[in-house]
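Open your viewer and follow along. Each stop says what to select and what is there.

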Amino acid sequence: MMRSIVALAFVAALANTATAADMPLKAPPPVPAPVYLWTGCYIGGNLGWAEASAHFEDRFGEDDGRLSKSGFAGGGQIGCDYQFAANWVFGVQGMIDGADISRSRVSVLDPDFTFHSDVRWFGTITARLGYLITPQFLFYAKGGWGTVKQRFQVTDTFDGFVFRSVDTSSSGGDAGVGFEYMFAPNWTFWVEWDHIFLNNRSIDVRGIDTVLFTDNIHRDFDKVLFGINWRFGGARSPVY
């Protein structure tokens, strides 16, 4: 009797093992995609193009020519962002770039004089508001304040004698648009255009005992830059 009970138990165990072996295995749950977050601070570098434009007028409003030149620019930026309401990002940023943009032009009203313009660096402090078209793609508009370090000179057209040289840090409102793409956790690539509305100024050219002439200078500054940021934040790890 005991042998029969043991035999039946052994057969039942074999049957259960075979049934379990025939059952399909459950697939592991899919790995969640990382959640991209833009809240945090960053530091980065940039390269691009900038153009300085100046329009000269004499004291009576007569056109004395334009002086525009574009050239290479490069520098760095630092800032912080805050993501809110799921798809909106607000941030502040400081940027400074070096440049070598020089141009000369003979006066229209008096060809005896030549104007020179030389831009060495520029910087901006701005706020921006962006909208996330996708979790990784941010389109934004920005505004704030910009400064351009510039030298103006007036020289004799024929012998190069310097009548007047003025170094000035000119400032004005800054406005622009751009986009930024988070191509990897903690790394973003961006492209933007900005315009700085520089304040106007006057430059006097003096002789021995008199002012030879005075020109008013109306100035603008544009830049198109692209760069890379390293973020102290970026994408969160997946939550299981």
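**Stop 1: Arg 128**

Start by selecting Arg 128 with its surroundings. Leaving aside residues up to four places away in sequence, Arg 128 touches Asp 81, Val 89, Phe 90, Gly 91, Leu 138, Tyr 140, Ala 141, Lys 142, Glu 180 and Arg 231. The model you are looking at is predicted. Arg 128 belongs to strand S5.

Is Arg 128 buried or exposed? Its relative accessibility is 7%, so Arg 128 counts as buried. Now show side chains. Those of Arg 128 and Asp 81 are joined by a polar contact of 2.9 Å. Next, pick the C-alpha atoms of Arg 128 and Gly 143. They lie 6.4 Å apart in space, while the two residues are 15 apart in sequence.

**Stop 2: the whole protein**

Zoom out and switch to a cartoon view. The protein has 1 helix and 11 strands. Follow the chain from the N terminus: the order of elements is α-β-β-β-β-β-β-β-β-β-β-β.

Colour by burial next. Of the 240 residues in the protein, 35% are buried. Switch to a surface view.

**Stop 3**

Select residues 40-58, which are strand S2, and residues 63-84, which are strand S3. The two strands pair in the antiparallel sense over 17 bridges. For one example, select Glu 51: its bridge partner in S3 is Ser 70.

Move to the turn. The hairpin has 4 residues between the strands. Within this hairpin, Gly 61 takes a positive phi near 85°.

**Stop 4: the disulfide**

How many disulfides are there? The count comes to 1. Select Cys 41 and Cys 80. They form a disulfide, with their sulfur atoms 1.9 Å apart. Cys 41 sits in strand S2 and Cys 80 in strand S3, so this pair links distant parts of the chain, 39 residues apart.

Check the handedness. The torsion about the S-S bond of Cys 41 and Cys 80 is about 95°, so the disulfide is right-handed. Cys 41 has a relative accessible area of 32% and is partly exposed. Cys 80 also counts as partly exposed, at 30% relative accessibility.

**Stop 5: Gln 93**

Select Gln 93, in strand S4. With a relative accessible area of 10%, Gln 93 is buried. Which side chains make polar contacts with that of Gln 93? One belongs to Tyr 42, at 3.1 Å. Another belongs to Lys 142, at 3.0 Å.

Beyond residues up to four places away in sequence, Gln 93 touches Tyr 42, Gln 77, Ile 78, Gly 79, Thr 124, Ile 125, Thr 126 and Lys 142.

**Stop 6**

In soluble globular proteins, nonpolar side chains tend to be buried together. Select Phe 122, Val 148 and Phe 221. In the largest nonpolar core, which has 21 residues, these three touch the most other members. Elements giving two or more residues to this core are S2, strand S4 (88-106), strand S5 (113-134), strand S6 (137-156), strand S8 (187-198) and strand S10 (211-231). Which element gives the most? S4 does, with 4 residues.

Now find the other core. Apart from the largest one lies a core of 12 residues, among them Phe 115, Val 154, Val 205 and Phe 213.

Go back to Phe 122 and show its contacts. Residues up to four places away in sequence are not counted here. Phe 122 touches Ala 50, Ala 73, Met 95, Ile 96, Asp 97, Ala 99, Thr 147, Val 148, Phe 221 and Lys 223.

**Stop 7: Asp 118**

Finish with Asp 118, in strand S5. At 16% relative accessibility, Asp 118 counts as buried, because the cut-off for buried is under 20%. The side chain of Asp 118 makes a polar contact of 3.1 Å with the side chain of Arg 120.

Asp 118 and Arg 103 are 15 residues apart in sequence, and 6.7 Å separates their C-alpha atoms. Last, show the neighbours. Setting aside residues up to four places away in sequence, Asp 118 touches Asp 100, Ile 101, Ser 102, Lys 149, Gln 150 and Arg 151.

Key
Residues are numbered from 1 along each chain as its sequence is written. This is a predicted model: local features need pLDDT of at least 70, side-chain atom pairs count only at pLDDT 80 or more; totals for chains, interfaces and linings use all residues. Side-chain values use heavy atoms; hydrogens and water are left out. Two strands pair if DSSP finds at least two bridges between them. A nonpolar core is a set of buried Ala, Val, Leu, Ile, Met, Phe, Trp, Tyr and Cys residues joined through side-chain atoms within 4.5 Å. Buried means under 20% relative accessible area, exposed over 50%, partly exposed in between (1.4 Å probe, protein chains only). Contact means heavy atoms within 4.5 Å. A disulfide is a pair of cysteine sulfur atoms within 2.5 Å. A polar contact is a pair of N or O atoms within 3.5 Å; within protein, one must be able to donate a hydrogen and the other to accept it, and residues adjacent in sequence count only if both atoms are side-chain atoms.
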